[in-house]
Structure formats: structure tokens, C-alpha cells
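This report is written for a reader who is meeting the structure below for the first time. Please keep the sequence and the model at hand while reading.

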Amino acid sequence: MRLPVVAIVGRPNVGKSTLFNRIVGRREAIVDPTPGVTRDRKYVTAEWVGRRFLLVDTGGFVSGTDEPIHRAVMEQLQHGISEADLVLFLVDGRAGLTGEDEELAQMLRKSGKPVLLVANKIDTAAHEGLSAEFFRLGLGEPLPISASLGRRIGELLDEVVQRLPERVGQDGEEQETALRLAIVGRPNVGKSSLINAVLGMPKLVVTDIPGTTRDAIDTEFDYRGQRLVLVDTAGLRRKSRISAAVEYYSTQRSLRAIRRADTVAVVIDASEGLFDQDKRILDQVVQQRKGVLLVVNKWDLMPSGAKATLQFEQMVRDELRTFTYVPVLFVSAKTGRNVTQVLDVALAVDGERRKVVRTRELNQFLQEAVAQHAPPAFGTKEVKIRFCTQVNAAPPVFAFYCNYPRGVQANYQAYLEKQLRQRFGFMGVPLTLSFRRK
Ligand code: GDP
Ligand code: GDP
């Protein structure tokens, strides 16, 4: 199941982090008056009147510069918006309408996403009149709130849950348990053949369901008592002439499918090996924190025997390096060999992705990992990581609280991740380790 995503968007200093923290009820994000402090997006699962949703603080919006860091921030923001089911567009009710607000409003109107306009810093009823001018943004009447005082936050959340789409929410059991699997890869690696091999299995009842965009068609079926949805199957099931098209369209299609899935099977052709484009697809999947498995198709064309498998797997692993946790499967869509394994492993990965490790176990693990190998000093300062807790599942996020979050070097982070995986598994699941001050 995918939770509905609510993204908080606004120019710097309007109070996004404050609102985020207010809703979460915990001080997850850094609240700081300096623009651009919350550059990374923060995710948290929130609940209101029994409806759960994923709340995302999209962080920065910067206008009018072309520096790479700013471009990266804007890309994050665009991405955040594209992922959202509802956008909370926050403006500063005290400061009044700015050019940046107008730019953002235009961007949001273009995105076609449902938007709830919220005027923040309306700390008293006397200030409420100030919010009226935001009506000019053409996004409806602004809801006046005060994030720092907690004023009218309940009303805001009522509005939010009313606007959440039914489809992705807790709308019946099916949505709860459905695994949304995307099958992606370069043209001609055998994606369509694989899908047809899967769907051709006896006793499978297959239903087409409309996806979120006009030309997206998903395919739904039950497998071993679990509901599976194959995402974006339109071009693949009815192999059209366009699907042989240029790489660009196939990339666009892949990106869309990845976005809409929980777990992604990246298919490659055994007779061709691994291309840079395959690695880029894998990068995308990992960046979006989806579950991932690598499917080596056309295995019937390869020399048989365990040794060949091992050799090929080693070759792929050497190429992949950073993706050590990705399971690799050898299948043939043509002969049907190991085709059901794709579903079995996808379900296993999905289970891992939803897994929650208890705080007590995590801290036991942290103690041992640090005892075995302490974090290197940060300049002259000793780095202490005191506490660890899993703050989100599907995708999993682990928060490590320490005295100098920026002092925890990349290779030490990699060490912790490796140890974490050794202890708790998370096969096929990209992990987020977030180092925070405490
Ligand atoms: P962000 O950069 O948009 O995430 O904004 P922050 O959450 O960091 O808030 C920016 C500044 O506005 C901080 O100094 C907050 O204390 C202040 N602020 C946030 N919400 C309110 C509010 O409801 N009323 C008032 N008066 N100040 C607020
Ligand atoms: P797509 O573009 O990724 O959807 O690839 P297709 O499913 O259309 O397959 C491309 C070509 O590879 C077709 O000629 C298929 O018959 C062939 N093919 C697909 N899977 C296999 C396989 O497992 N073994 C062999 N030998 N050929 C395959």
C-alpha cells in the first residue's frame, strides 16, 4: 500500500518546518530563521481522525539563481510536488504576497495537483484580515493559521484529510496489502515477455485498473493470497509500435512507473550484460527509496550450470558495487524458468521495506557497532552517537542522534549501514540514515 502524500511547500521562512513539527508533535526538523536550512526533505507518517498520510517537508524554494545547489533544491522541490497527492502551499500572512509566492503558485497550478493555500503567522484573530490578499494567487481562499502557536491546526488537518484521495488511502483491505510492482528496463530486455509469462500463470485472475494518469494502466491480481498490482502495464501488455521508440520515452515511462511503485524489478538482458542506462535506472529507484530487485532475463541463452550463474552474478556485483543489497535473479521469460521467483522475491523485499526494528534492538546494535569501531574525530572533537531510532517505514529511515551530525563521515555512515544490514537484513531496500543533533 502507498500512503497518500501531503507535501508542505513554500518560500523560505514562511514556517514550513514549524508547521511540520507542529503536526508531527515532535521536533523532527530543524527550525531556524536562516533560509535554506531544511534543504533535505523530511518524511514522517502522520495521522488525523484515523487517516494516515505521509507528510513531507519539501524544504527550500529559491528563485532567480542558477547555482548548482539551488538547481538541486528546485529539482527536489519539483520532485516533491510530483510525488504529492496534496500540496499545502504555505505563505507568510504577515509579510504579505511576494514575487516568490507568485512564482510558486504558478508552478503549482501547472502541476495540476490539488493545493490547499495556508496563510501562516496569523497569531491572533485580529491578524486574520491580512490573509485576504493571497486570494489573488488564484488558489482559493487561504486558511489562516499560526504554526508556532498551534492556532487552527485542527481545522487545517480536517481540511487535509477531506482532500486526501480515497484510492491510495485506507480504502479497504486491498489497498492495505497490495504490493505495487513496476517492471522496468531498457527496450528489448524482455519486460513484456516477462509480464506475459507472469500473467499467463494458471488460475490467475487479472484485472485492468486505471492508473493515475490517462494512459497509465495497472494490472491487478492475487498471488499466494496477496494482492499485487503491476504498475503501468499499458505499453507492455499491448506491445505497440511506439514502444520500440527512442530511449527518451522509455526513460520517461520508467521514471513514471518507478514513482508509482513500492518495489521495482529492473530487468536486464543476460546476453548483453549491464549498461550505464541500467545503472541510471537503479540509481533512480534507490533515490526514490523503492524496494529493488535485479532480474537477469534470457538466461536460456547462457551456458547452464551453477558456475555460470555465479560468474555472471559476480560480474554484475562488481559492476554494481554500491548496490550490494540488491537481490539478483536469473530467469527466462521464454521458458518460464524462475518467473514466479520474481513475484516471490518482490513480496519478500516489500515485507522488508515495511519492517520496523524496535528502538531497544537498534540501540543494542548501535552500542556494539560503536564499540567495535568508534566514529573518527571531527577535527579536534570527539563524535558521539548516543541514540538510534527508526522514524519511518516503507521506506525505512533511521535517525541517529549525535553531538556533531556533520562530523559523521561518509565512510562511517557506510560502515553503520553495512552493520545495520548484517544485523537486520533489509534485502533490496535502500536505507536512509539521518544524523541529527540531540
Ligand atoms: P521554513 O524555512 O519555511 O521552514 O520556516 P521555519 O519553520 O524555519 O520558520 C521561520 C521563522 O518563522 C522562525 O523564526 C519561526 O519561529 C517563525 N514562525 C513560524 N511559524 C510562525 C507563526 O505561526 N507565527 C509567528 N509569529 N512566527 C512563526
Ligand atoms: P521489452 O521491450 O523489454 O518489453 O522486450 P520484449 O518482451 O518485447 O522482448 C524483446 C525480445 O526478446 C523478443 O524478441 C522476445 O521474444 C525476446 N525475449 C524475451 N524474453 C526472452 C527470454 O527469456 N529468452 C529469450 N531467448 N528471448 C527472450
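The model is predicted, and local features need pLDDT of at least 70, side-chain atom pairs count only at pLDDT 80 or more, while totals for chains, interfaces and linings use all residues. Residues are numbered from 1 along each chain as its sequence is written, chains are lettered from A and ligands numbered from 1 in the order in which they are written, and side-chain values use heavy atoms, with hydrogens and water left out.

Helices here are DSSP runs of H or I with at least four residues, strands are runs of E with at least two, and both are numbered from the N terminus.

| Ligand atom | Protein atom | Distance |
|---|---|---|
| ligand 1, oxygen | Val 14, backbone N or O | 3.1 Å |
| ligand 1, oxygen | Ala 147, polar backbone atom | 2.9 Å |
| ligand 1, nitrogen | Ser 148, side-chain N or O | 3.0 Å |
| ligand 2, oxygen | Lys 191, polar backbone atom | 2.8 Å |
| ligand 2, oxygen | Ser 192, polar side-chain atom | 2.6 Å |
| ligand 2, nitrogen | Asp 300, polar side-chain atom | 2.7 Å |

On its own, ligand 1 has 580 Å² of accessible area, and the protein covers 82% of it. Ligand 2, taken alone, exposes 580 Å², of which the protein buries 75%. Such areas come from the Shrake-Rupley method with a 1.4 Å probe, and for residues only the protein chains shown count as cover.

**The surroundings of ligand 2**

Ligand 2 is surrounded by 17 residues, the closest being Asn 188, Lys 191, Ser 192, Ser 193 and Asp 300. The largest share of its shell, three residues, is supplied by helix 6, residues 191–199, and by class the shell around ligand 2 divides into five nonpolar, six polar and six charged residues.

**Aromatic rings**

A pair of aromatic rings is described by the distance of the centres and the angle of the planes. The structure holds nine aromatic pairs, where rings of Phe, Tyr and Trp (its six-membered ring) pair if their centres lie within 6.5 Å, and planes under 30 degrees apart count as stacked, over 60 as edge-to-face and the rest as tilted. One of them joins Trp 299 and Phe 330, whose ring centres are 4.6 Å apart and whose planes stand at 50°, so the pair is tilted. Because Trp 299 lies in the loop between strand 12 (291–297) and helix 10 (306–320), and Phe 330 in strand 13 (residues 328–330), this pair ties together parts that are 31 residues apart in sequence.

Trp 299 is buried, with a relative accessible area of 4%, and Phe 330 is buried too, with 8%; buried means under 20% relative accessible area, exposed over 50%, and partly exposed in between (1.4 Å probe, protein chains only). Phe 330 also forms an edge-to-face pair with Phe 312, at 6.2 Å centre to centre and 85° between the planes. Since Phe 312 lies in helix 10 and Phe 330 in strand 13, the pair ties together parts that are 18 residues apart in sequence. Phe 312 is buried, with a relative accessible area of 8%, and Trp 299, Phe 312 and Phe 330 form one aromatic cluster.

Arg 186 lies over the face of Phe 275, at 3.9 Å from the ring centre, and the charged end of Arg 421 sits over the ring of Tyr 325, 3.7 Å from its centre. A charge sits over a ring if NZ of Lys or CZ of Arg is within 6 Å of the ring centre and within 35 degrees of the ring normal. Arg 421 has its place in helix 13, residues 410–424, and is buried, with a relative accessible area of 12%, while its side chain reaches the backbone oxygen of Val 429 at 2.8 Å.

Trp 48 is found in strand 2, residues 42–48, and is partly exposed, with a relative accessible area of 27%.

Terms used: A polar contact is a pair of N or O atoms within 3.5 Å; within protein, one must be able to donate a hydrogen and the other to accept it, and residues adjacent in sequence count only if both atoms are side-chain atoms. A residue is near a molecule or strand if one of its heavy atoms lies within 4 Å of it. Ala, Val, Leu, Ile, Met, Phe, Trp, Tyr, Cys and Pro count as nonpolar, Asp, Glu, Lys and Arg as charged, and the others, Gly among them, as polar.
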